[in-house]
Amino acid sequence: MAQILSVEGRPQVLANPGRLTRMIAPAIDLPDYRQLAPEVAARFERIRKRPVILKVHELEKTFGEGPERHVVFDHVSLDIHRREFLTVIGPSGCGKSTLVRIVAGLEEATSGEVFLDEHAVSAPGPDRGMVFQGYTLFPWLTVKRNVMFGLEMRGKSTASAQSEARSWIDMVGLAKFENSYPHELSGGMKQRVAIARALANEPRILLMDEPFGALDSLTRCKMQSYLLQIWKKVDVTILFITHDLDEAIYLSDRILVLGTNPGGVREVIENPVPRPRSPDQAISPEYLALKTRLDELIHGTAEETEEEKLPMARMTLAGDDVE
Ligand SMILES: Nc1ncnc2c1ncn2[C@@H]1O[C@H](COP(=O)(O)OP(=O)(O)OP(=O)(O)O)[C@@H](O)[C@H]1O
Ligand SMILES: [Mg+2]
């Protein structure tokens with residue numbers, strides 16, 4: 001049986017991740033995952049009217065040549081609107097990080113284009129803030145100095161960099177730690193500094209590649225909540241990568257599902273779960289309907305996967321069976 005537990009007051013449905021929603025879903029009369037409540041549909045109407053910040057057009061990325069040639073994805077097109085929160089999910093190796101690296105200007109696309117505010121992206125720039133899974137703070141600088149770094153690089157005086165850094169550090173709730181060094185912080189705190197440092201440059205878009213992937217589940221839930229609180233206060237658009245379906249549903253406006261073989265966009269889904277998001281929604285019909293669909297898109301339908309059996313010969317002579 002799937003278990004519904006509570007982490008920090010937020011229900012977590014824990015079980016074999018690929019099976020769980022399939023186990024509960026058939027027992028509940030779920031709505032269509034594309035069915036939007038009137039207030040949710042109205043919110044998407046409003047989002048669509050905002051200007052497009054990031055435009056990805058017919059992107060293709062291929063590695064290697066000849067027999068080694070590997071098309072990671074092609075025909076990837078996408079518009080992200082101002083202050084939209086878009087999450088990309090997909091199986092390991094489908095090109096999520098590659099996509100985000102191309103948008104960051106760290107990787108070149110094989111073909112296609114990326115436009116930020118209608119300017120073609122060809123190199124990294126301060127208009128794109130980045131937060132990755134690995135802790136990327138400078139270990140020899142204090143929290144404050146880490147956040148000041150980009151500001152000073154952009155030509156701000158020490159005094160104004162210091163005061164701006166302080167207000168970003170306040171925003172992520174780390175005022176007491178401004179003189180601490182990264183090794184004195186927990187993983188969650190380091191990522192909060194990384195978010196403050198990225199936002200201090202006032203980027204147009206925040207690119208986050210599994211930023212909470214290395215955190216324990218409790219800290220991860222807290223970080224998701226912090227991120228939503230910060231996003232509400234700052235004029236920033238977010239492109240977020242995750243493996244975690246609950247994280248994608250809790251955070252996003254839209255969810256883009258990438259697939260493999262062939263690599264590319266499987267589906268772009270408008271999240272039917274209303275905002276503001278709350279812990280109890282994890283067992284609402286629209287939440288479960290969306291999670292079931294995402295699970296199917298990533299792992300295949302129940303019929304496709306249920307019969308998976310390892311081709312193993314029996315390797316024990318012990319009499320009693322384990323299940
Ligand atoms: N520099 C490279 N040279 C050759 N192949 C690469 C390179 N970088 C990535 N790849 C390949 O591109 C594909 C996509 O990799 P990518 O890291 O973008 O996947 P991902 O979806 O982020 O995976 P994960 O979920 O495991 O992080 C993989 O098959 C990977 O082996
Ligand atoms: Mg990756």
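**Figure 1. Overview of the chain.** Ten helices and twelve strands make up the chain. The model is predicted. The chain has 323 residues, of which 36% count as buried. Consider the contacts between residues at least 6 apart in sequence: 70% of these join residues at least 24 apart.

**Figure 2. Close-up of helix 4 packed against helix 5**. Helix 4 spans residues 143-153, and helix 5 spans residues 158-171. Two packed helices are described by the angle between their axes and the distance between the axes. Here the angle is about 125°, and the axes lie 8 Å apart. The two helices are therefore oblique to each other. The crossing of helix 4 past helix 5 is right-handed.

**Figure 3. Residues in the contact between helix 4 and helix 5**. Helix 4 contributes Val-143, Lys-144, Val-147, Met-148, Leu-151 and Glu-152. Facing them from helix 5 are Thr-158, Ala-161, Gln-162, Glu-164, Ala-165, Trp-168 and Ile-169. By class, this contact has eight nonpolar, two polar and three charged residues.

**Figure 4. The shell around ligand 1**. By class, the shell has three nonpolar, seven polar and one charged residues.

How values were computed: Residues numbered from 1 in each chain as written. Chains lettered and ligands numbered in written order. Predicted model: local features only at pLDDT ≥ 70, side-chain atom pairs only at ≥ 80, totals over all residues. Axes fitted to C-alpha atoms, helices over the stretch in contact; angles between N-to-C directions. Helix = DSSP H or I, 4+ residues; strand = E, 2+ residues; numbered from the N terminus. Parallel < 35°, antiparallel > 145°, perpendicular 65-115°, else oblique. Left-handed = near helix turned anticlockwise from the far one by under 90°. Contact = placed C-beta atoms within 7 Å. Nonpolar A, V, L, I, M, F, W, Y, C, P; charged D, E, K, R; others polar. Buried ≥ 20, exposed ≤ 12 C-beta atoms within 10 Å, placed from the backbone. Near = placed C-beta within 6 Å.
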